[in-house]
Amino acid sequence: MGSFNTSFEDAFILVGFSDWPQLEPILFVFILIFYSLTLFGNTIIIALSWLDLRLHTPMYFFLSHLSLLDLCFTTSTVPQLLINLCGVDRTITRGGCVAQLFIYLALGSTECVLLVVMAFDRYAAVCRPLHYMAIMHPRLCQTLAVASWGAGFVNSLIQTGLAMAMPLCGHQLNHFFCEMPVFLKLACADTEGTEAKMFVARVIIVAVPVALILGSYVHIARAVLRVKSMAGRRKAFGTCGCHLLVVFLFYGSAIYTYLQSIHSYSESEGKFVALFYTIITPILNPLIYTLRNKDVKGALWKVLWRGRDSG
């Protein structure tokens with residue numbers, strides 16, 4: 001095949017799940033339901049974090065940012081996937097593909113950094129309870145949130161720029177959106193040098209945060225085990241356990257996708273792993289953080305009763 005030129009008028013074909021046509025109607029219904037629940041659940045968390053004064057704390061400030069990320073993260077891919085599953089149009093322009101790649105990487109990278117910030121917040125709350133509000137003051141929280149978004153977009157800019165500098169051959173992507181590993185498989189030239197640079201960037205944005213989070217939770221576990229009250233232990237482990245579950249789900253799929261060689265990456269398996277972290281994880285976050293959280297449930301009931309009384 002000849003070299004794929006750089007015109008934004010060119011288009012890619014997203015193969016999606018067309019290899020399993022009998023599966024597409026089932027996936028469409030499943031994904032549409034989960035996408036709707038994701039929009040609803042994360043919007044509720046953002047609204048409650050703003051409306052209820054009891055949730056004006058660092059933990060819920062960062063949780064509202066996580067919900068906003070999940071909303072944008074899943075919306076960057078799911079509408080395109082639903083159109084793809086209908087079989088109406090499986091193409092995406094080159095410009096649209098680059099934009100999707102950049103936005104998706106930026107939001108995913110931002111979440112990687114934000115989860116570290118949330119782990120630091122839990123460390124301060126559990127290990128430095130008397131100084132917690134002095135440490136996590138509003139200005140620091142705002143700075144950490146801005147830094148998370150900034151780091152994510154800078155990482156995406158670097159990786160997208162490296163990918164766009166490579167000559168591409170062909171126009172068929174064996175995926176349901178423009179994901180980096182599949183995109184790199186279209187490269188005509190030797191990508192070893194570019195892959196090495198990207199791998200370093202991925203280690204910094206994925207592996208380093210995992211190490212920092214695990215380190216913070218080692219200190220948290222030690223502090224919790226020194227608590228004499230069983231109720232206090234359960235509360236601390238419950239709150240931190242929710243965060244660790246989110247970390248495990250998100251980073252597990254990210255490590256599988258981005259910390260392996262392009263040559264060993266399986267496109268078929270990659271599509272189903274991508275379904276997990278673009279569809280399942282964003283809906284699990286509001287459930288994990290709210291099902292056992294009395295503050296959020298209390299704020300929700302308060303808003304509902306207020307609306308009922310006003311009606």
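Helix H4 contributes the most to the lining of the largest cavity, with five residues. Helices and strands are DSSP runs numbered from the N terminus, helices being H or I with at least four residues and strands E with at least two. The model is predicted, so that local features need pLDDT of at least 70 and side-chain atom pairs count only at pLDDT 80 or more, whereas totals for chains, interfaces and linings use all residues. Residues are numbered from 1 along each chain as its sequence is written, and side-chain values use heavy atoms, with hydrogens and water left out.

A search of the whole structure gives two cavities of 30 Å³ or more. A cavity is a set of points, on a 1 Å grid over the protein atoms alone, where a 1.4 Å probe fits but cannot get out; lining residues have an atom within 4 Å of a point. Grid points are joined across faces, edges and corners, and a volume is the space filled by probe spheres set on the points. The largest cavity holds about 180 Å³ of space. It is lined by 16 residues, of which Leu 105, Gly 108, Ser 109, Ala 254 and Tyr 258 are the closest to its centre. Two or more lining residues come from each of helices H4 (94-127), H6 (138-164), H8 (192-225) and H9 (230-258). By class, this lining comprises 10 nonpolar, five polar and one charged residues (nonpolar: Ala, Val, Leu, Ile, Met, Phe, Trp, Tyr, Cys and Pro; charged: Asp, Glu, Lys and Arg; polar: the others, Gly among them).

Helix H8 has 34 residues and spans 47 Å from its first C-alpha to its last, close to the 50 Å expected at 1.5 Å a residue; the expected span is 1.5 Å times one less than the number of residues. A kink of about 35 degrees in H8 is centred on Val 203, the bend at a residue being the angle between axes fitted to the seven residues ending there and the seven starting there.

The protein has 11 helices and five strands. Its radius of gyration is 21 Å, close to the 19 Å given by the globule rule for 311 residues, so the protein is as compact as a globular protein of that length. This radius is taken over C-alpha atoms, and the rule is 2.2 Å times the number of residues to the power 0.38. Along the principal axes, the C-alpha atoms fill a box of roughly 70 × 50 × 30 Å.

Of the 311 residues, 48% count as buried (buried, under 20% relative accessible area; exposed, over 50%; partly exposed, in between; 1.4 Å probe, protein chains only). Helix H2 (residues 58-75) is mostly covered, with 14 of its 18 residues buried. Helix H1 (residues 24-51) has 28 residues and reaches 40 Å; its buried residues include Glu 24, Tyr 35 and Asn 42. The C-alpha atom of Asn 42 is separated by 17 Å from that of Leu 245, 203 residues apart along the chain. Leu 245 lies in helix H9 and is partly exposed, with a relative accessible area of 40%. Leu 173, in strand E5 (residues 172-173), is buried at 2%.

Notes:
1 Å grid on protein atoms, 1.4 Å probe; cavity = no way out; pocket = protein on both sides within 12 Å on 5 of 7 lines; lining within 4 Å.
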